[in-house]
Amino acid sequence: MFPKYDVIVVGAGHAGCEAAVAAANMGSKVMLATMNMNTIAQMSCNPAMGGVAKGQIVREIDALGGYSGIVTDHTMIQFRMLNKSKGPAMWSPRAQSDRMMFGEKWRLMLESNLNIDFWQEMVTGIVVKDGRAVGVRTGIGLEIPAKSVILTNGTFLNGLIHIGDKNYGGGRAGEKSAKGITEQLVSLGFESGRMKTGTPPRVDGRSLNWDVMEVQDGDEDPGRFSFTETPKLMNQRPCHVTYTNKKVHEILKTGFDRSPLFNGTIRGTGPRYCPSIEDKINRFSERDRHQLFVEPEGWKTVEIYVNGFSSSLPEDVQYKAMKMIPGFENAKMFRPGYAIEYDYFPPTQLRSSLETRLIKNLFFAGQINGTTGYEEAASQGLMAGINAHLAISEKDPFILKRSDAYIGVLIDDLINKGTEEPYRMFTSRAEFRILLRQDNADIRLTPLAEKLGMLNMESRLTRTNEKKIASEEIELYFNEASVEPELVNNLLAEKDSSLLKQKVKLVSLLSRPQISLLEMRDRIAHLDSFLNKFDDESINLAEINIKYKGYLMKEQDLAEKMNRLEEVKLSENIEYNFMQSLSSEAREKLNKIKPGTIGQASRISGVSPSDISVLLVHMGR
């Protein structure tokens with residue numbers, strides 16, 4: 001009935017979709033298995049993509065040939081560049097999406113790929129022979145053969161939904177949970193755990209009083225996620241901001257005795273950085289109010305997402321408290337918020353390629369690895385898809401270093417440090433965030449994707465090279481052209497910057513922190529004339545390279561020093577127990593994680609610098 005697929009992807013969420021596309025665009029024949037074809041790429045929680053550090057990840061996915069950025073650009077209803085008041089390392093794109101359009105666009109893009117087939121049914125197990133994944137087993141007893149399998153099960157593995165003192169099996173509201181896979185993997189020797197996440201109520205926008213809320217508009221000149229020519233957003237829908245208050249908090253507290261979060265019903269660990277409203281009230285009892293973002297679910301629908309009001313309290317308590325929120329006095333609820341517990345597998349059981357250590361050609365991506373967020377999941381799916389294709393082609397895995405991409409930081413953190421709570425990416429997790437900006441993701445990663453043989457990367461690489469050459473030409477102009485004092489001294493006086501007494505090179509002026517290129521362009525005619533032939537992306541890249549040259553060079557030097565340790569390979573067959581000079585904790589951790597390089601070993605919690613010195617001596621260094 002079925003051919004032998006190169007790759008079977010189990011689950012069609014953000015990780016599964018990117019995994020299927022990546023493997024298919026490298027030439028693999030892929031089956032995407034899902035319990036419901038109508039919920040492909042469903043935005044289960046917030047109808048948005050990007051945000052702090054997450055926006056950088058989406059741009060990296062796009063630079064590597066993934067589709068998340070393209071789909072977002074085609075379906076967004078609002079775009080904002082966050083943290084513009086800070087340095088460019090912190091700038092993070094975020095888009096509000098049309099939930100229904102997002103899923104539809106993803107499905108149509110998947111269906112247009114002739115290397116991808118679909119199967120709608122629950123997968124209940126992996127077919128394993130001689131320590132290798134060779135297919136999947138479905139709920140009706142079918143065995144579908146494959147050379148490799150990628151599990152992207154999201155919150156569906158033994159998912160349990162909680163609303164107050166009620167709970168029932170489910171992977172998402174209105175959808176059943178997935179059974180069988182956890183039990184099989186545990187029997188094969190895998191360690192599993194439980195995590196918890198939650199979602200807020202959805203309400204009827206027609207019942208809200210928008211006049212009493214703060215308006216949050218998108219950027220005047222909205223940007224894009226994709227480095228390709230996706231449509232420019234011409235019109236935008238506003239979001240709104242409101243706040244809880246003491247009355248809201250007091251009503252919510254009346255349900256704490258029935259809260260599964262507080263009475264021990266929920267055993268899974270929840271996300272530290274996206275807590276439920278009852279958790280916020282409990283942990284930050286000194287605060288009288290908490291900010292809520294009131295976000296539309298699309299262009300035409302009246303459904304509204306109440307960001308910041310995630311809850312698993314009884315539905316009657318949620319509803320009473322919500323009506324005390326300014327603007328929500330007459331709110332009608334479409335569905336209450338809920339918490340969901342699900343199985344995950346500590347990611348220290350994975351190699352850097354996201355292949356499991358125990359079973360060859362079996363890969364994990366997304367929330368099964370303990371992460372939270374669409375963007376984190378999608379990036380893992382992309383990498384798992386690439387590496388599944390490379391594995392069955394008997395090629396070396398594709399590994400991104402911490403100095404290459406936020407994706408590299410994410411995977412390195414997961415496999416070396418593990419996670420006991422849902423992992424979320426932040427800019428602070430990256431040591432080289434000045435190098436890993438959202439604006440240069442294409443320059444960092446598109447050449448790598450083209451070398452991998454990813455489909456349609458030649459034209460992308462041409463575009464990337466043109467951008468790089470253009471920015472270098474602009475930088476050269478700034479290093480060679482000069483400016484007269486009378487042209488810019490008024491500007492310098494306005495900025496409280498020391499005035500010029502003689503002409504200086506443009507680079508000297510732009511290097512001043514108070515002065516922007518746009519302001520210089522407005523005052524210097526020959527500069528404006530020169531820049532007219534370049535696009536905004538090239539100009540912005542050149543400005544950042546000029547302004548932050550010293551910092552960029554310093555980070556590049558540090559990255560190169562760190563990467564030297566990545567070149568010292570460690571065999572998986574090393575017997576660390578026999579190295580008595582290592583600390584007992586280091587022996588335990590090294591035996592468990594089996595790092596591939598000295599650099600990876602150095603980032604394992606519990607492995608000290610002196611332990612690394614022992615390893616270097618052992619390696620003859």
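Reader: In which helix is Glu 250 found, and what makes that stretch a helix?

Author: Glu 250 belongs to helix H6, which covers residues 246-253. The stretch is called a helix because it is a DSSP run (H or I, at least four residues; strands are E, at least two), and such runs are numbered from the N terminus. The model is predicted, so local features need pLDDT of at least 70 and side-chain atom pairs count only at pLDDT 80 or more, while totals for chains, interfaces and linings use all residues. Residues are numbered from 1 along each chain as its sequence is written, and side-chain values use heavy atoms, with hydrogens and water left out.

Reader: Why is Glu 250 called partly exposed?

Author: Its relative accessible area is 48%. Buried means under 20%, exposed means over 50%, and partly exposed lies in between (1.4 Å probe, protein chains only), so the value for Glu 250 falls in the middle class. Glu 250 also lies 8.2 Å from Ala 321, C-alpha to C-alpha, although 71 residues separate the two in sequence.

Reader: How do you know to which class His 618 belongs?

Author: His 618, in helix H21 (residues 609-618), has a relative accessibility of 47%, and therefore counts as partly exposed. Met 579 is 39 residues from His 618 in sequence, yet 8.9 Å from it in space, C-alpha to C-alpha.

Reader: What makes helix H3 largely enclosed by the rest of the structure?

Author: H3 comprises residues 68-75, and seven of its eight residues are buried, so the rest of the structure largely encloses it. The buried residues are Ser 68, Gly 69, Ile 70, Val 71, Thr 72, Asp 73 and Thr 75.

Reader: How many disulfides does the structure hold, and how do you know?

Author: A search of the whole structure finds zero. A disulfide is a pair of cysteine sulfur atoms within 2.5 Å. Cys 17 is in none, since the nearest cysteine sulfur, that of Cys 45, is 17 Å away. Cys 274 is likewise in none; its nearest cysteine sulfur, again that of Cys 45, is 6.6 Å away.

Reader: Are Cys 17 and Cys 274 buried or exposed, or something in between?

Author: Cys 17 has a relative accessible area of 0% and is therefore buried. Cys 274, at 48% relative accessibility, counts as partly exposed.

Reader: Why is H1 called roughly parallel to H9?

Author: Two packed helices are described by the angle between their axes and the distance between the axes. Helix H1 (residues 14-25) and helix H9 (residues 374-392) pack at about 30 degrees, with their axes 7 Å apart. The axes are lines fitted to C-alpha atoms over the stretch in contact, and angles run from 0 to 180 degrees between N-to-C directions. Under 35 degrees counts as roughly parallel, over 145 as roughly antiparallel, 65 to 115 as roughly perpendicular and the rest as oblique, so H1 is roughly parallel to H9.

Reader: Which residues of H1 and H9 meet?

Author: Contact means heavy atoms within 4.5 Å. His 14, Ala 15, Glu 18, Ala 19, Ala 22 and Ala 23 in H1 meet residues of H9 that include Tyr 374, Gly 381 and His 389.

Reader: How do you know how H1 and H4 are oriented?

Author: The axes of H1 and helix H4 (residues 99-111) come within 11 Å and cross at roughly 25 degrees. The two helices are therefore roughly parallel to each other. In this contact, His 14, Cys 17, Glu 18, Ala 20 and Val 21 of H1 touch Phe 102, Trp 106 and Leu 110 of H4.

Reader: What makes H9 and H10 roughly perpendicular?

Author: The axes of H9 and helix H10 (residues 406-417) come within 10 Å and cross at roughly 90 degrees. H9 and H10 are therefore roughly perpendicular to each other. Glu 376, Ser 379, Gln 380 and Met 383 of H9 meet Ile 407, Leu 410, Ile 411 and Leu 414 of H10.
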